[in-house]
Amino acid sequence: MFAASAYNLLRTERPIKEMIRRYCYEIVGPYWPPERSLVEQFRKIPFPFPDSETPAFEIVAEWNLEHLTGYLRSWSSTQRFIAATNRNPIDQIANDLEKAWGDPQRTKRIVWPLVLRVGVKTMSEGPTT
């Protein structure tokens with residue numbers, strides 16, 4: 001059996017989710033390493049086994065605004081942006097994000113749907129290359 005998983009953008013309240021999407025693709029998008037595209041195309045990557053059906057899985061967190069901005073700072077694209085420009089890209093969405101969030105200590109539900117690829121090789125299939 002072989003299993004692999006990936007997750008892409010988080011889901012949360014619409015205005016915040018849209019800001020995160022803009023941040024990811026427009027602001028720091030050019031700074032993602034090339035292999036980041038594998039996450040975007042995870043279901044299309046050649047897989048050496050027939051894909052098995054899997055139940056839906058997700059990662060769920062209750063975060064305040066500081067948790068979210070800390071998470072954005074952890075992105076490799078954020079760090080590459082800072083290294084290239086000596087500026088913090090989060091500053092470009094900070095005011096709008098704060099307005100949309102409201103009380104920065106209030107927690108919100110953050111969800112990352114997981115994409116799973118699971119395959120089983122039976123003994124009758126022989127070796128894979």
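Trainee: Which strand does Ala3 lie in?
Mentor: This is a predicted model, where local features need pLDDT of at least 70, side-chain atom pairs count only at pLDDT 80 or more, and totals for chains, interfaces and linings use all residues. Numbering starts from 1 along each chain as its sequence is written, and side-chain values use heavy atoms, leaving out hydrogens and water. Strands (E, at least two residues) and helices (H or I, at least four) are DSSP runs numbered from the N terminus. Ala3 belongs to β1.

Trainee: Is Ala3 buried or exposed?
Mentor: Buried means under 20% relative accessible area, exposed over 50%, and partly exposed in between (1.4 Å probe, protein chains only). The relative accessible area of Ala3 is 52%, so Ala3 is exposed.

Trainee: Which residues is Ala3 in contact with, leaving aside its neighbours within four places in sequence?
Mentor: Contact means heavy atoms within 4.5 Å. Ser52, 49 residues away in sequence, has its C-alpha 9.7 Å from that of Ala3. With neighbours within four places set aside, the contacts of Ala3 are Arg117 and Val118.

Trainee: What order do the three strands of the open sheet have?
Mentor: Two strands pair if DSSP finds at least two bridges between them. The order is β1-β3-β2.

Trainee: How many degrees does the twist average from one strand to the next?
Mentor: In the three-stranded open sheet, β1 (2–7) and β2 are edge strands with a single partner each, so one side of each lacks a neighbour in the sheet. From one strand to the next, the twist averages 25°.

Trainee: At about what angle does α3 run to β2?
Mentor: Axes are lines fitted to C-alpha atoms, for helices over the stretch in contact, and angles run from 0 to 180 degrees between N-to-C directions. α3 lies across β1, β2 and β3, and its angle to β2 is about 125°.

Trainee: Is Lys108 buried or exposed?
Mentor: Lys108 is part of strand β3. Its contacts beyond four places in sequence include Ile16, Trp63 and Trp101. With a relative accessibility of 2%, Lys108 is therefore buried.

Trainee: Where is the place of Asn86?
Mentor: Asn86 has phi near 60°, a positive value in a residue other than glycine. Its relative accessibility is 72%, so Asn86 counts as exposed. Asn86 sits in the loop between α4 (76–85) and α5.
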